[in-house]
Amino acid sequence: MIVERKQTRRRKTSNAGELLQTAVVRYLAQALPPTAFFSLFPLGAGGRFHGLRMRDLGVREGFPNLLVLYDGCAYCIELRPGGGLLLPSQRDCYAALQDARVPVTVARSLADVQHFLSEECALPMRNWRSAA
């Protein structure tokens with residue numbers, strides 16, 4: 001007897017958060033000065049046990065998901081499309097970052113990221129053209 005295995009299709013998930021992250025990463029790769037560094041921390045998924053493991057490894061609960069470093073300074077951005085509210089752990093972490101004099105913001109669009117880095121933080125951004 002031959003049993004055929006059911007083929008499962010992997011859905012390509014493109015939610016608003018992933019689309020914003022992709023757009024921001026492409027923008028930063030082109031627009032930040034060559035000596036700047038950035039990293040995205042997609043820590044929000046994985047379930048309860050993953051979260052507990054990350055905490056045990058030293059990951060700070062509520063840390064923004066984008067970190068930009070330039071000229072000895074850190075800039076933190078939470079990418080949050082739509083109107084979602086921050087969790088209490090995020091509010092606490094952002095307050096601690098602000099106490100440490102690290103600029104932090106919530107960006108709901110690429111324009112918010114551009115404004116924060118170029119206007120509020122005064123980073124020298126390179127000319128950038130949208131791929132659209």
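**Notes on helix α3 and its setting**

1. Let's start with the helix itself: α3 covers residues 88-99, twelve in number, and spans 17 Å from its first C-alpha to its last. That is close to the 16 Å expected at 1.5 Å a residue, where the expected span is 1.5 Å times one less than the number of residues. Helices here are DSSP runs of H or I with at least four residues, strands are runs of E with at least two, and both are numbered from the N terminus.

2. A word on the source: this is a predicted model, in which local features need pLDDT of at least 70 and side-chain atom pairs count only at pLDDT 80 or more, while totals for chains, interfaces and linings use all residues. Residues are numbered from 1 along each chain as its sequence is written, and side-chain values use heavy atoms, with hydrogens and water left out.

3. Which residues of α3 are buried? They are Ser89, Gln90, Cys93, Tyr94 and Leu97 (buried: under 20% relative accessible area; exposed: over 50%; 1.4 Å probe, protein chains only). Viewed down the axis of α3, they fall within an arc of 130°, so they line one face of the helix; the arc is taken from the directions from the helix axis to the C-beta atoms.

4. The buried residues of α3 pack against β3 (73-79) and β4 (104-107). On the face turned away from the buried side sit the exposed Asp92 and Asp99. After α3 comes Arg101, with a positive phi near 65°.

5. Zooming out, the protein chain has four helices and four strands, running α-β-α-β-β-α-β-α from the N terminus. Of its 132 residues, 27% are buried.

Key:
Contact = heavy atoms within 4.5 Å.
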